[in-house]
Amino acid sequence: MDALSAKTGIPVSTIYSWLDIERTEFMTFAAASVVCRALKISVHEVLADPMWISIDKNRYLFVRPWMEEDIEIVELVTKFYFNLKELIKKTG
């Protein structure tokens with residue numbers, strides 16, 4: 001976990017909390033993209049089984065294209081989104 005923490009800048013304690021079997025929430029999409037890039041895998045490989053699609057089809061329609069996109073593109077768009085969100089908050 002130390003190596004992953006060093007590559008991503010995510011604290012070891014946070015990484016361990018994501019691995020806690022009793023945890024019911026998943027890491028943020030931005031965190032998943034950073035971790036996946038460090039591990040050289042796609043975000044799709046860490047997402048839940050496709051059965052979750054039936055839970056919220058509208059949400060899945062928006063998420064699905066990103067699961068198949070190159071991680072560099074996902075990371076770029078995610079950073080842009082959070083920067084834009086922060087800018088909007090500041091300019092209110």
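Where is Glu 75 found? I looked, and Glu 75 sits in helix H5. A note to myself before going on: this is a predicted model.

**Entry 1: Glu 75**

Ser 33 is one of the buried residues of H3.

**Entry 2: the whole chain**

Next I stepped back to the overall layout. I counted five helices and zero strands in the protein chain. Read along the sequence, that gives the pattern α-α-α-α-α. The C-alpha atoms fill a box of roughly 35 × 35 × 25 Å, taken along the principal axes. The protein chain has 92 residues, and buried ones make up 24% of them. For the accessible surface I noted about 7300 Å², with 59% of it belonging to carbon and sulfur atoms. I also looked at contacts between residues at least 6 apart in sequence, and 40% of these join residues at least 24 apart.

**Entry 3: helix H3**

Which residues of H3 are buried? My list reads Ala 30, Ala 31, Ala 32, Ser 33, Val 35, Cys 36 and Ala 38. I then asked what covers the buried residues of H3, and the cover includes helix H1 (2–8), H2 and helix H5 (71–91).

**Entry 4: the largest nonpolar core**

I went on to the largest nonpolar core, which has nine residues in all. Its members are Leu 4, Ile 10, Ile 15, Trp 18, Met 27, Ala 31, Ala 32, Val 35 and Ala 38. H2 and H3 each supply at least two residues of this core. Which helix gives the most to this core? H3 does, with four residues.

I looked up the second largest pocket and wrote down a volume of about 230 Å³. There are 13 residues lining this pocket, and the closest to its centre are Trp 18, Leu 19, Phe 26, Met 27 and Val 35. Helix H2 (12–19) and helix H3 (29–39) are the elements that give two or more residues to the lining. By class I have 11 nonpolar, no polar and two charged residues in that lining. Trp 18, Met 27 and Val 35 also turn up in the largest nonpolar core.

**Entry 5: Thr 8**

Is Thr 8 buried or exposed? Thr 8 belongs to helix H1. With a relative accessible area of 17%, Thr 8 is buried. Its contacts, not counting residues up to four places away in sequence, are Val 34, Val 35 and Ala 38. Val 35 and Ala 38 are on my list of buried H3 residues.

**Entry 6: Lys 40**

What is the phi of Lys 40? I read a positive phi of about 60 degrees, although Lys 40 is not a glycine. Most residues other than glycine have a negative phi. I also noted that Lys 40 is exposed, because its relative accessible area is 75% and the cut-off is over 50%.

I finished with two residues from later in the chain. Arg 64 lies in helix H4 (residues 57–67). At 42% relative accessibility, Arg 64 counts as partly exposed. Arg 64 and Gly 9 are 55 residues apart along the chain, and I get 27 Å between their C-alpha atoms.

Glu 69 lies in the loop between H4 and H5. Glu 69 is partly exposed too, with a relative accessible area of 35%. How far apart are the C-alpha atoms of Glu 69 and His 44? The separation is 9.1 Å, for two residues 25 apart along the chain.

Technical notes. Residues numbered from 1 in each chain as written. Predicted model: local features only at pLDDT ≥ 70, side-chain atom pairs only at ≥ 80, totals over all residues. Heavy atoms only, no water. 1 Å grid on protein atoms, 1.4 Å probe; cavity = no way out; pocket = protein on both sides within 12 Å on 5 of 7 lines; lining within 4 Å. Points joined across faces, edges and corners; volume = space filled by probe spheres on them. Nonpolar A, V, L, I, M, F, W, Y, C, P; charged D, E, K, R; others polar. Core = buried A, V, L, I, M, F, W, Y, C linked by side-chain atoms within 4.5 Å. Buried < 20%, exposed > 50% of the residue type's maximum accessible area, 1.4 Å probe, protein only. Contact = heavy atoms within 4.5 Å. Areas by Shrake-Rupley, 256 points an atom, 1.4 Å probe, with all protein chains shown as cover.
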